[in-house]
Amino acid sequence: MSDDLFSLNDKVVVVTGGFGQIGKELCGSFLGRGAKVVIWGRRQISDAQLADAFGEAVDRVAAYSVDIAKKASIVEVFEKTREAWGVPHVLVNNAGIDTQPSAPPEVSGPFEEFPEAVWRDVIDVNLTGTFLCCQIVGGAMAQAGRGSIINMGSIYGILSPVQDIYAYKLKKTGRAFTKPVAYSASKSGLYNLTRYLATYWGRKGVRVNILTASGVFREDQDKEFQENYCARMPIGRMARPSEYNGAMIFLASDASVYMTGANLVVDGGWSAW
Ligand SMILES: NC(=O)c1ccc[n+]([C@@H]2O[C@H](COP(=O)([O-])OP(=O)(O)OC[C@H]3O[C@@H](n4cnc5c(N)ncnc54)[C@H](O)[C@@H]3O)[C@@H](O)[C@H]2O)c1
C-alpha cells in the first residue's frame, strides 16, 4: 500500500534547535520520509557530526548556526537556506530554553525573586524567536502559496507546573526549587501565536499548528524527579525523544492538509486529569 499521505519527498524542512535531544530525532524521521532537512541551531555543527547522526542521508542535510532571538541572524540563515534549496515547505519551531531541576538558586527560587533578565532571555528565545522565524519563513511561504509551520508547545504552556514534583529538592539540597514562570509564560504565548497565524495565512496555503509535548526522559535527571513525574503521568513513564516524530510527520505532511490553528496534544495523558 502506498504511504504517499505521509510522504515528505523533496520537501524542504527547517528544524530550529535541530541538533538537540528532540530535534535530532525529528530530523532523522523527516529524512526517513524523503525530506531535505535544514538545521538552524545555536551551535556550529561539523560535517562529521552530521554524518555520524544521519548516516547516508547526510547529503540531504544542511546545518547553519543562528540565534533565533536575533532577526538579522535569522534573515542570514534564511537566505542561505533559500539559495541552497528554495523556500522551505515546513518550519518546525523547536528551539527553546528551559530551567532544569539542576538549575542554580538564582533562577529557581521564589517567584517574587525571579530575575527579570532571565525572564527576558526565555521570552526572547521561546516566544520572540518563534515569532521572528514565523515572520521571515512564514512570510516567504505565504508568497509561495504553501507551507506548514509547527510550533513546539509544552504541557507547562497550557497548565501550571505541578510544583510538588520538585519538593524533594528541599530535603535533598536544603533549598526549595520553584519551577520558574518564564518557560510557562513563553510557551503559553505560542498557542495564540499559532491560532493568530493560522487565520492570518489560512487562505494563503500556509497551515500553522502546535504540538504539546510533555517531559522527555534523560539519564542525568534526578531519580526523585523522574519518580514524581511518572507518578503524575497517566501513561506511567516519561516520553522517549523519538515519540513526537509520528505527530510531527502528520503535521508536516499532507496527511493533515485540512488542519490549521490546532493543538495536537502528545503528552502521555498529563493534561487529561
Ligand atoms: N525535553 C522535554 O522534556 C520537553 C518537554 C516539552 C517541550 N519541550 C520542547 O521541545 C523543544 C526541544 O527541547 P529539547 O528537550 O530537545 O531541548 P534541547 O535543549 O536538547 O534542544 C534545544 C535546542 O534549541 C537550541 N537553541 C536554544 N536557544 C537557541 C537560540 N537562541 N537560537 C537557536 N537555537 C537555539 C539549542 O542549541 C538546542 O539545540 C523545546 O522547545 C522544548 O521547550 C521539551
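In this predicted model, the largest pocket has a volume of about 1,100 Å³. Its lining is made up of 41 residues, and those that lie nearest the centre of the pocket are I22, G96, I97, D98 and Q100. Several elements of secondary structure take part in this lining: the helices α1 (21–32), α5 (155–158), α7 (181–200) and α8 (223–232), together with the strands β2 (36–41) and β5 (147–154), each contribute at least two residues to it.

The second largest pocket has a volume of about 190 Å³. Of the 13 residues that line this second pocket, G147, S148, R207, A252 and D254 are the closest to its centre.

Is N192 buried, exposed or partly exposed? With a relative accessible area of 48%, N192 is partly exposed, because that value falls between the 20% below which a residue counts as buried and the 50% above which a residue counts as exposed. The side chain of N192 is joined to the side chain of R195 by a polar contact of 2.8 Å. As for its position relative to A144, N192 is 48 residues away in sequence, and the C-alpha atoms of the two residues are 24 Å apart in space.

Turning to the protein chain as a whole, its secondary structure consists of nine helices and seven strands. The radius of gyration of the chain is 19 Å, close to the 19 Å that the globule rule gives for 273 residues, and the chain is therefore as compact as a globular protein of that length. Taken along the principal axes, the box that the C-alpha atoms fill is roughly 55 × 45 × 40 Å. Of the 273 residues in the chain, 48% count as buried. Among the contacts in the chain with a separation of 6 or more, 77% are between residues 24 or more positions apart.

Conventions. Residues numbered from 1 in each chain as written. Predicted model: local features only at pLDDT ≥ 70, side-chain atom pairs only at ≥ 80, totals over all residues. Heavy atoms only, no water. 1 Å grid on protein atoms, 1.4 Å probe; cavity = no way out; pocket = protein on both sides within 12 Å on 5 of 7 lines; lining within 4 Å. Points joined across faces, edges and corners; volume = space filled by probe spheres on them. Helix = DSSP H or I, 4+ residues; strand = E, 2+ residues; numbered from the N terminus. Buried < 20%, exposed > 50% of the residue type's maximum accessible area, 1.4 Å probe, protein only. Polar contact = N/O pair within 3.5 Å; in protein donor to acceptor, adjacent residues only side chain to side chain. Rg over C-alpha atoms; globule rule 2.2 N^0.38 Å. Contact = heavy atoms within 4.5 Å.
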